[in-house]
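Please look at the sequence and the structure together before reading on. The report that follows takes up a strand, its partners, a pair of helices and the confidence of the model.

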Amino acid sequence: MNGSEQATGATIFSDDLVLVERALRLTPGFAMWPSAAMQQVLAISTLGRYSRGEIIASEEGPKEILAVVSGYIVVERVQAAVHRSVVALLGPGYVLGFTRSPEDEEEASHHYCFRALNDTVVVHMPAAQVLKVLDEDPVLWRDMAKMLLKQVRQVFELLLSQGIGSFQRRIAATIERLALLYGRKVGGETGLCLRLTQEDLAALLQVTRQSVNKELAQLAACGAISVSYKVITVLDIDALKKRAMQAP
């Protein structure tokens with residue numbers, strides 16, 4: 001089954017159920033939920049598996065809470081049903097879908113679409129039913145609110161990295177921020193690995209791939225990163241941070 005079939009209500013397999021609970025327990029908003037509340041959420045959850053470029057969800061579709069298990073979601077701002085611009089990149093552990101109310105939708109001139117950057121696994125939960133479980137136990141809302149506030153700050157800082165200063169500063173700051181949020185040690189690697197292509201980074205920063213390639217070469221030359229097929233490895237986070245601060 002592809003992601004869209006699972007997301008529209010296919011029966012979740014037992015192995016997937018284990019994966020969903022494990023993924024939710026790794027997010028602070030769901031980590032301390034009692035078993036009864038967690039079982040209610042698991043009963044309504046589905047697991048979507050998506051390939052690069054597939055649409056995962058849209059604010060124009062069913063209202064859902066999404067939790068990223070693996071891979072990355074590209075958030076696109078869609079205006080007038082035609083113009084699209086990349087806004088943010090969300091990785092494993094991120095939970096989204098709590099941020100827009102019906103009142104917002106009545107006045108909005110745009111909406112957001114969520115697309116798979118690479119092979120991505122996402123938990124889908126109907127928003128109304130998740131909110132019902134939360135409303136039955138205000139203590140659960142406390143942990144969820146703390147997590148959402150932290151995530152909002154992370155996205156805000158990422159947006160600042162992407163949008164302020166020269167291109168040299170923006171690319172260094174963006175890679176640093178993404179590495180701290182989503183970087184992983186792989187095998188014997190000593191650095192933090194990000195599964196990003198040059199095209200992905202160019203789309204996020206709204207520049208050409210050639211510009212990204214040139215600047216990545218300079219960052220590699222000063223020992224801050226290394227670049228291989230679909231992977232950017234941060235070798236020296238301090239050097240990367242220094243580069244971001246020194247750039248005009």
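Helices (H or I, at least four residues) and strands (E, at least two) are DSSP runs, numbered from the N terminus.

Strand β10 (residues 225–228) runs antiparallel to β11 and is joined to it by 4 bridges, pairing being called when DSSP finds at least two bridges between two strands; V234 of β11 is the bridge partner of I225. The two strands β10 and β11 form a hairpin with 2 residues between them, and K230 in the turn has a positive phi of about 60°. Strand β9 (residues 192–194) also pairs with β11, in the antiparallel sense over 3 bridges, and here T233 of β11 is the bridge partner of C193.

## Two helices

The axes of helix α4 (residues 35–44) and helix α6 (residues 127–136) come within 10 Å and cross at roughly 175°, the axes being lines fitted to C-alpha atoms over the stretch in contact, with angles from 0 to 180 degrees between N-to-C directions. Therefore α4 is roughly antiparallel to α6, a term used for angles over 145 degrees. A37, Q40 and I44 of α4 and Q129, V130, V133 and E136 of α6 make the contact, which means heavy atoms within 4.5 Å.

## Model and confidence

This is a predicted model, in which local features need pLDDT of at least 70, side-chain atom pairs count only at pLDDT 80 or more, and totals for chains, interfaces and linings use all residues. Residues are numbered from 1 along each chain as its sequence is written, and side-chain values use heavy atoms, with hydrogens and water left out.

The protein averages a pLDDT of 85, and 86% of the residues score at least 70, pLDDT being the predictor's confidence in each residue, from 0 to 100. Over residues 1–11, however, the pLDDT is below 50. Where pLDDT is low, the predicted coordinates should not be read in detail.

Note on methods: Parallel < 35°, antiparallel > 145°, perpendicular 65-115°, else oblique.
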